[in-house]
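Reader: I am new to this one, and I would like to go through it slowly. Could you show it to me before we start?

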Amino acid sequence: MTFSISAQDTQSKARTGTLTTDHGPIQTPIFMPVGTAGTVKAVHQRELETDINAEIILGNTYHLYLRPGLDVLGQAGGLHAFNGWRRPILTDSGGYQVYSLSQTRKIKEEGVTFKSHIDGSKHTFTPEGVMDIQRIIGADIIMAFDECTPYPCDYGYARQSMEMTHRWLGRCIDRFDATEGHYGYRQTLFPIVQGSTYADLRRQSAEVIASKEREGNAIGGLAVGEPAEEMYAMIELVNGILPVDKPRYLMGVGTPANILEAIALGVDMFDCVMPTRNARHGLLFTTEGIINIKNEKWNRDFSPIDAGLGGYASTFYSKAYLRHLIKSEELLGGQIASLHNLTFYLWLVRQARTHIAAGDFVAWKNEMVVRLMQRL
């Protein structure tokens with residue numbers, strides 16, 4: 001994998017670049033739709049490629065390991081061959097699922113023992129095992145195994161967790177560097193900065209991660225309930241330490257405002273379930289603000305969902321029709337809303353790239369943060 005910076009904003013740390021993988025290039029800043037179990041919910045691969053124009057999608061190690069399982073994925077030739085997605089894929093290591101399964105897992109130095117949310121069966125993830133699993137899944141970018149601490153988090157626990165994450169990282173790197181991919185294309189490993197919202201821990205973690213000199217780096221453990229101001233402060237601190245010439249991936253973030261502010265702080269890559277999860281409940285992100293399509297005010301609004309956005313779903317269907325589908329709990333409603341929200345998120349990062357290159361990113365960002373987060 002290679003990364004080259006093409007434009008740098010003079011009033012912020014925002015930049016545009018190209019991340020090149022064996023499955024194609026990715027223009028940054030980029031938003032990555034989340035396809036947890038090998039599918040971006042309610043969206044066809046053809047729509048992802050042609051309507052939304054996603055350049056990379058996510059899969060999740062924990063979910064894919066449990067179902068369909070490694071035998072199926074290996075026999076298929078990896079996740080790309082299994083789901084038909086021809087562009088790059090990134091896999092989350094399962095560390096976040098470990099965090100979210102707090103009632104059914106035990107964390108030890110060796111790794112994490114947990115119970116499947118599907119059938120209660122017992123499994124163990126180790127740093128080495130997670131590398132082997134992600135080799136079989138076959139994503140272009142794979143993540144180190146880490147622990148995501150909750151918020152708020154006791155300082156002592158945050159420090160111990162971070163130090164264990166660093167030890168796990170060493171084991172991940174050793175296993176990754178000692179093995180090869182299964183399908184004839186190259187994979188790359190991103191370490192993850194942790195440390196909760198403690199500045200000294202974040203600084204220490206960023207320094208350790210930077211010292212590993214991998215091809216890209218990630219920032220984890222944020223957007224877990226902390227105030228946005230604390231999140232931005234941690235991003236700014238960490239990005240002042242992580243190498244400028246490597247892509248920076250902020251995991252699990254977030255709202256349109258979060259993304260724009262983080263771009264200004266030097267983040268290149270984002271993912272979040274918000275556009276599809278909110279879509280299924282009728283919450284739409286548009287170029288003019290946020291719409292709760294269930295509200296009565298849209299009942300007889302026959303205008304397009306978002307005429308200013310472009311794209312088939314956003315301009316072909318009316319607000320009134322989408323409201324009818326969502327209120328009726330028709331499956332098509334969730335599909336249309338998901339298509340629309342993902343189209344919006346990819347539009348947003350493309351617009352950011354345009355304004356960074358034009359040199360007016362900060363003024364545009366400040367205006368858009370207010371406009372996009374207003375309720376219509």
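**Contacts, pockets and one serine**

Author: Among contacts in the chain (heavy atoms within 4.5 Å) between residues at least 6 apart in sequence, 68% join residues at least 24 apart. This is a predicted model, in which local features need pLDDT of at least 70 and side-chain atom pairs count only at pLDDT 80 or more, while totals for chains, interfaces and linings use all residues. Residues are numbered from 1 along each chain as its sequence is written, and side-chain values use heavy atoms, with hydrogens and water left out.

Reader: OK, and how many helices and strands does the chain have?

Author: The chain has 15 helices and 17 strands, where helices (H or I, at least four residues) and strands (E, at least two) are DSSP runs, numbered from the N terminus. Its radius of gyration, taken over C-alpha atoms, is 20 Å, close to the 21 Å that the globule rule (2.2 Å times the number of residues to the power 0.38) gives for 376 residues, so the chain is as compact as a globular protein of that length.

Reader: What share of the residues is buried?

Author: Buried residues, meaning those under 20% relative accessible area with a 1.4 Å probe and protein chains only, make up 59% of the 376 residues.

Reader: Switching to pockets, what is the volume of the largest one?

Author: The largest pocket has a volume of about 850 Å³. A pocket here is an open set of points on a 1 Å grid over the protein atoms alone, where a 1.4 Å probe fits, with protein on both sides within 12 Å along at least five of seven lines, and lining residues have an atom within 4 Å of a point. The volume is the space filled by probe spheres set on the points, which are joined across faces, edges and corners.

Reader: Which residues lie nearest its centre?

Author: Of the 36 lining residues, Val-34, Tyr-96, Gln-97, Asp-271 and Val-273 lie nearest the centre of the largest pocket. Helix α11 (274-280) is one of the elements that supply at least two lining residues, and α11 gives the largest share, five residues.

Reader: And what about Ser-338, is it buried or exposed?

Author: Ser-338 sits in helix α14 (residues 331-358) and is buried, with a relative accessible area of 0%. Leaving aside residues up to four places away in sequence, Ser-338 touches Lys-41, Ala-42, Val-43, Thr-276, Ala-279 and Arg-280.

Definitions and conventions
Buried means under 20% relative accessible area, exposed over 50%, partly exposed in between (1.4 Å probe, protein chains only).
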